[in-house]
Amino acid sequence: MRSIFSKPRYTPGMKGTASARLRHVATLVLLPLLAVPPSFGWGDVGHKMINRLAVEALPADVPAFLRTPEAVNEIEYLGPEPDRWRSPAEPELNAAQAPDHFIDFDYAEIIGTLPRRRYQYIAALTAAEITHPDMAAVLQPDKVGFQPYITSEVWERLKAAMRAYRELNAKHEDTKPVEAAILFYAGWLGHYVGDGSQPLHVSINYNGWVLKDNPNGYTTDHTIHAKFETVFVAANIKPADVHPLLPALKPVGDEWDDYLAYLRHSQSLVEQLYQLDKQKGFDGAGTPEGKHFTAERIAAGAGMLRDLIYAAWVQSANPIPQGRERPAAPAAAGKAGSGF
Ligand SMILES: [Zn+2]
């Protein structure tokens, strides 16, 4: 459903053309966005819960090593792993991967349909910086975010490792080393899929309402992000709250299209989250509505992760497409970055 990008999505009360609106937004939010968003996903508790629930809910026909208690513990541990890469002790790593945790669709949609590959997306945003010079600062790719790109890339790593597992298994060779790789990729993937169910990870209103149109008086305090995803979850949400809300297994057809639809659904819940916040839904013990909303979002993350891990397993059996997408680089070129 890549066509979802042909129709811009705006919150109620937004008027005018896409370009005019985005310029307006850009002026308003320029300064806050110059700082790296505090995108720590669901916090330790939520990310671990998503990863554990997902792997425990895998269908029985995945390899048995994925379902052992040790595997479940490992994948659970890896839920918050990319947030462990955000320490000032590793500043280069932090800077390089922080934009992988979010995407501001409000800006990304200026380029229309998102290309499937990271560098095509970077090129498109860079071109948009030139055609929209007044928005150049906010259209920098690392400010807009790479959420669906890192997810797709890690999912493909998982699928490649599962293909290697099938090959080794067929030859009756030792699969232990590739099993370790599969557990790592599955756990790593879980972090981003979890981030993707958190509505504040796909919106410019990621930490307080920044749109000038705020007729409903949503909070503009820069506290809602951590309050919702970390403090409220840790204090109030248990696996028993989430488990009954796990969606049924849904086959993943095209990973990119299905994952974008999942992110777009999260985006559609941004305003509801602000409404619940206004009703004190996430303060202290919150309200039943706030708790249900949060548990449903965590369940959605776990369900999508389960579906993606299972899809990687199923699709790892597919034959490798034959033929090259583009001619090989001339042998004499010897250019750095050719990948060979
Ligand atoms: Zn994150």
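The buried residues of helix α12 pack against α5 (105-108), α8 (147-170), α9 (176-196), α13 (270-278) and α14 (288-315). The model is predicted: local features need pLDDT of at least 70, side-chain atom pairs count only at pLDDT 80 or more, and totals for chains, interfaces and linings use all residues. Residues are numbered from 1 along each chain as its sequence is written.

**Helix α12**
- Helices are DSSP runs of H or I with at least four residues, numbered from the N terminus.
- Buried positions in α12 are Glu255, Tyr259, Leu260, Tyr262, Leu263, Ser266 and Gln267; a residue is buried if 20 or more other C-beta atoms, placed from the backbone, lie within 10 Å of its own.
- Viewed down the axis of α12, these buried residues fall within an arc of 155 degrees, so they line one face of the helix; the arc is that of the directions from the helix axis to the C-beta atoms.

**Proline 199**
- Proline 199 lies in the loop between α9 and α10 (224-236).
- Proline 199 counts as buried because it has 24 C-beta neighbours inside 10 Å.
- Setting aside residues up to four places away in sequence, proline 199 touches Ser266, Gln267, Leu269, Val270 and Leu273; contact requires C-beta atoms, placed from the backbone, within 7 Å.
- The C-alpha atoms of proline 199 and glycine 41 are 9.9 Å apart, with the two residues 158 residues apart along the chain.

**Leucine 158**
- Leucine 158 is in contact with Ile182, Tyr185, Ala186, Leu189 and Ala312, leaving aside neighbours within four places in sequence.

Conventions. A residue is buried if 20 or more other C-beta atoms lie within 10 Å of its own, exposed if 12 or fewer, and partly exposed in between; C-beta atoms are placed from the backbone. Helices (H or I, at least four residues) and strands (E, at least two) are DSSP runs, numbered from the N terminus. Two residues are in contact if their C-beta atoms, placed from the backbone, lie within 7 Å.
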